[in-house]
Amino acid sequence: MDTMVGGTIGIDPTALGVLMPMHIVISAEGEIASVGTTIARLRLGRPLLHSQFRERFELRKPHTSISLGDLRRLTGQRLHLRLRESPFTAFRGTCVELATGQGLLFNLSFGIGLAEAVRSHGLTAADFAPTDLAIEFLYLKEAKAAVMSEIVALNGRLRVARQRAEAQALTDPLTGLHNRRALDMELQRSVAGVLRGGPGFALMQIDLDFFKVVNDTKGHAAGDHVLTVAAERLRKVFRSQDFIARVGGDEFVILLPGLTEPADLRRVARRLIRNIEQPIEWQGEACRISGSIGITMSSLYASPDPDRMLSDADAALYEAKRSGRGCYRVHSEKTAASART
Amino acid sequence: MHGLVNRSIESFLRHTYGNETWGEIADQAGIDRAGFEAMMVYDDAVTNDLLRAAAIRLDRPVEAIAEDVGAYLVGYEPLRRLLRFGGVEYIDFLLSLDELPDRAHLAVPDLDMPDLEISGGENGHFELCCKPDRFGFSSMLAGLVRAMADDYGALALIECAGGGRVTIDLLDERHARGRAFDLTKGGAV
């Protein structure tokens with residue numbers, strides 16, 4: 001039985017081109033003696049054929065100055081080559097020695113730079129050997145891009161939906177103000193800011209006076225209307241950077257960043273009460289409410305704590321209510337002491 | 001069924017019959033009018049309900065709608081390009097159809113497609129067999145293969161033969177100038 005051991009096989013160059021359209025044969029003198037059809041189609045300034053291999057290609061890996069002697073030592077290895085002229089297309093491949101004295105046979109592919117090479121040289125599917133996965137690679141590249149853009153779009157939609165859901169989870173639906181959860185988060189943030197050495201802030205707690213009367217005598221619709229109008233007035237009195245939350249039926253808490261002067265806070269409190277006391281019209285009738293306010297400031301504490309500040313503002317509010325409706329009190333050791341008794 | 005399939009049907013309905021009709025079909029099928037996400041997987045029943053509701057609202061058989069969806073998909077440039085990777089000539093494309101499920105898997109691993117078998121070739125007669133044939137899939141393929149004939153510039157008669165079979169009679173492979181296809185997007189420089 002015939003075996004190939006020790007023998008050689010002869011192959012017609014055209015047949016070789018069918019198997020390997022990207023092959024290059026270089027002569028013993030280092031001249032490009034023949035090339036496959038795809039290599040012949042490369043868009044270059046002058047043809048590769050009959051020029052010196054080392055003048056047209058640069059050996060990138062393994063790094064060594066290219067000479068035929070070296071190349072012979074490189075047979076069977078993974079080679080990275082690059083054109084020495086524009087578009088500097090990269091190739092990978094390997095080479096084997098032809099029958100003694102006939103030179104070297106290179107077989108090349110474009111490797112990872114395939115898409116760029118196809119574009120620069122205007123190649124088509126017919127330029128690749130049937131065994132080459134180049135077309136599948138290009139297909140996959142496009143398929144991946146299409147799928148990725150769908151996923152990016154989906155992520156965008158999900159992010160918008162999440163932001164909307166989060167906003168809803170932190171908003172009081174009746175008044176559009178922040179809710180209790182949002183307040184807890186913001187207060188936590190403000191306290192952390194102060195602890196890090198940031199500016200102080202004031203915390204105001206407001207209870208609407210006589211709201212229960214409106215609700216009981218004129219109904220829930222009137223109550224809701226009064227709350228909506230009161231929320232509107234809060235928005236007008238406070239600055240845009242102030243954080244206004246509705247934390248209970250007729251209770252509101254406001255965080256005022258940077259406001260730490262008791263005189264300023266008193267002025268804000270008086271303005272607020274004046275505004276709240278303006279009659280609110282409901283079905284031709286005037287509803288009259290007022291507001292009691294308890295205030296505390298982060299500067300009153302060596303190390304402010306959210307719960308402590310809320311309970312101190314509450315104590316100050318209780319004190320204000322005891323003094324009659326439409327009053328405000330700023331927390332101090334005195335109010336704290338009287339609240340505990 | 002994969003969201004890509006549901007989204008394709010939705011997209012076809014919106015584009016061909018308008019958002020209002022889509023909305024009515026969605027309501028009838030118990031689907032959110034906002035539609036489907038292409039990259040999510042839905043219960044198979046959803047696809048069935050959608051096709052049934054569309055058939056009732058449009059007073060057309062599911063198969064006819066599925067065929068139009070197939071043709072409509074070829075009008076979507078990224079997909080048309082992916083399909084053109086199947087072969088240089090229409091005949092190569094036809095003969096590569098049995099690779100379509102694997103190709104689809106390469107792109108979207110969780111896209112579940114039925115097995116495809118292509119046979120024949122004598123006198124330009126081919127038969128494409130689709131197993132299992134659910135959701136009017138063979139009809140959709142018939143529409144797609146017909147639209148791709150136009151894309152390649154080939155003249156072919158394509159019919160659904162029932163039982164998941166589609167027959168293709170290739171009359172003239174180069175009947176007209178097909179649409180251009182470069183291996184890389186944007187073409188050669």
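**View 1. The largest cavity of the predicted model lies between domain 1 (3–60) and domain 2 (74–172) of chain B.** The volume of the largest cavity is about 90 Å³. Across the whole structure, the search finds 2 cavities of 30 Å³ or more.

**View 2. Residues of chain B line the largest cavity.** The lining is formed by Met1(B), Val5(B), Ile9(B), Leu51(B), Ala66(B), Val69(B), Phe135(B), Gly136(B), Phe137(B) and Met140(B). Two or more lining residues come from each of helix H1 (3–29), helix H3 (62–74) and helix H7 (137–152) of chain B. Sorted by class, the lining of the largest cavity comprises 9 nonpolar residues and 1 polar residue, with no charged residues.

**View 3. Chain A and chain B bury about 2000 Å² between them.** Carbon and sulfur atoms account for 67% of this buried area. Arg119(A), Tyr139(A) and Glu142(A) together supply 36% of the area that chain A buries against chain B, more than any other three residues. The contact involves 23 residues from chain A and 20 residues from chain B.

**View 4. A salt bridge joins the side chains of Glu142(A) and Arg81(B).** The N to O distance in this pair is 2.6 Å. Between chain A and chain B, the count is 4 salt bridges. Glu142(A) is also one of the three residues that together supply 36% of the area buried by chain A against chain B.

Note on methods: Residues numbered from 1 in each chain as written. Chains lettered and ligands numbered in written order. Predicted model: local features only at pLDDT ≥ 70, side-chain atom pairs only at ≥ 80, totals over all residues. Heavy atoms only, no water. 1 Å grid on protein atoms, 1.4 Å probe; cavity = no way out; pocket = protein on both sides within 12 Å on 5 of 7 lines; lining within 4 Å. Points joined across faces, edges and corners; volume = space filled by probe spheres on them. Helix = DSSP H or I, 4+ residues; strand = E, 2+ residues; numbered from the N terminus. Nonpolar A, V, L, I, M, F, W, Y, C, P; charged D, E, K, R; others polar. Domains from an automatic or database assignment. Contact = heavy atoms within 4.5 Å. Buried area = accessible area lost by both parts, 1.4 Å probe.
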